[in-house]
Amino acid sequence: MKFIFTLLITLFFVSSLQAQTWNLEAGNNITRYVFTNSSGNNPDFLKSSSGLHLSLSRENKLSKAFVYDVGLAYNQYNNVGDVQNIPFSYQADFMGLTGGIGPSYTGLHGLTVSAKASAAVQTLMNGTQFLQNRYLDLADDDQFSGLKFSVGFTLSITKKVNDQISVYTSFQHLDTNTFGSSTLNFVPSTFSFGLKIATK
């Protein structure tokens, strides 16, 4: 895990020297919490909720039809639910490094479509659980603290405005991979809009 975190940091700073495009992105996470208890069951009292997504990344071409990006991201992974008519909610703010690599194709009307394998290493910045009119700090909860490694994919469509500016929309799906007798995994689906700024 530490190796992956170090690798993403290195790639971010190396790509800053060579890359030609900055990606500024804002959107919305719809996050599912997948809790698996010690019996291996997945209770259904947790419900998806929305949260903010922001990212800044640097994109570089490996070839004419292959690109990669490395960047920084802020994500709110929120959830709600109730047990025996007692409502509760989670608000968890994560920040970390993200990266993706995959093919990119420019077709009709100047639209560029890309599909990337994606990964992220994030850590909890702030988190609370609201339960029975009390706010509980999640910083000491092992299911939220520590580095969280996610893998998934990103699909995006880009439209060039001029030589320096492009706009795009993207969909990303990630999944953490925590294993054990009692685990909590985060499964966010992110819809976002962004601005690409080319620097030469």
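# Salt bridges, strands and a core

Me: Starting with D69 and K116: buried or exposed?
Reply: D69 is buried, and K116 is buried as well. Keep in mind that this is a predicted model.

Me: What forms a salt bridge with K116, and how far apart are the closest N and O atoms?
Reply: D69 does, and its closest N and O atoms to those of K116 are 2.6 Å apart. D69 belongs to strand β3 (residues 66–76) and K116 to strand β6, so this pair ties together parts that lie 47 residues apart in sequence.

Me: How many salt bridges does the structure hold?
Reply: There are 4 salt bridges in the structure. One of them is between the side chains of E59 and K116, at 2.9 Å from N to O. That pair links distant parts of the chain, since E59 sits in strand β2 (residues 46–63), K116 sits in strand β6 (residues 111–131), and the two are 57 residues apart.

Me: And K196, which side chain does it meet in a salt bridge?
Reply: K196 meets the side chain of E59, with 3.2 Å from N to O. K196 is in strand β10 (residues 183–198) and E59 is in strand β2, so the pair ties together parts 137 residues apart in sequence.

Me: Why does E59 count as buried?
Reply: Because its relative accessibility is 14%, and buried means under 20% relative accessible area. K196 is buried as well, because its relative accessible area is 10%.

Me: Change of topic. Why is β3 largely enclosed by the rest of the structure?
Reply: Because 9 of its 11 residues are buried.

Me: How many bridges join β2 to β3, and which way do they run?
Reply: β2 and β3 are joined by 10 bridges and run antiparallel. They make a hairpin, and 2 residues lie between them. As an example of the pairing, S55 stands opposite A73 in β3.

Me: What about β3 and strand β5, over how many bridges do they pair?
Reply: β3 pairs with strand β5 (residues 86–106) over 11 bridges, in the antiparallel sense. To find the pairing in the structure, look at Y74, whose bridge partner in β5 is M95.

Me: Now β6. How many bridges join it to strand β8?
Reply: 13 bridges join β6 to strand β8 (residues 147–160), and the two strands run antiparallel. L111 has K159 in β8 as its bridge partner.

Me: And β8 to strand β9, how many bridges there?
Reply: β8 is joined to strand β9 (residues 165–176) by 11 bridges, and the two run antiparallel. β8 and β9 form a hairpin with 4 residues between them. Within that pairing, L155 has F171 in β9 as its bridge partner.

Me: Which strand does A119 lie in?
Reply: A119 lies in strand β6. A119 is partly exposed, because its relative accessible area is 21% and the cut-off for buried is under 20%.

Me: Leaving aside neighbours within four places in sequence, what is A119 in contact with?
Reply: With that exclusion, A119 is in contact with L97, T98, G99, F149, S150 and V151. Take F149: it is 30 residues from A119 in sequence, while their C-alpha atoms are 7.4 Å apart in space.

Me: Next, the surface. Which residues form a nonpolar patch there?
Reply: L24, L56, V161, V167 and L195 form one, with about 360 Å² of accessible area together. Of these, L56 lies in strand β2 and is partly exposed, with a relative accessible area of 31%.

Me: Last topic, the largest nonpolar core. Which of its 13 residues touch the most other members?
Reply: Y33, Y90, F144 and F186 do. The elements giving two or more residues to this core are β1 (21–36), β5 and β10. β5 gives the most, with 4 residues.

Me: What does Y33 touch, not counting residues up to four places away in sequence?
Reply: Y33 touches L46, Y77, N78, N79, Y90, A92, F144, L184, N185 and F186.

Key: Residues numbered from 1 in each chain as written. Predicted model: local features only at pLDDT ≥ 70, side-chain atom pairs only at ≥ 80, totals over all residues. Heavy atoms only, no water. Buried < 20%, exposed > 50% of the residue type's maximum accessible area, 1.4 Å probe, protein only. Contact = heavy atoms within 4.5 Å. Pairing = 2+ DSSP bridges. Patch = residues over 30% accessible without salt bridge, like charges linked within 9 Å, V, L, I, M, F, W, Y side chains within 5 Å. Areas by Shrake-Rupley, 256 points an atom, 1.4 Å probe, with all protein chains shown as cover. Core = buried A, V, L, I, M, F, W, Y, C linked by side-chain atoms within 4.5 Å.
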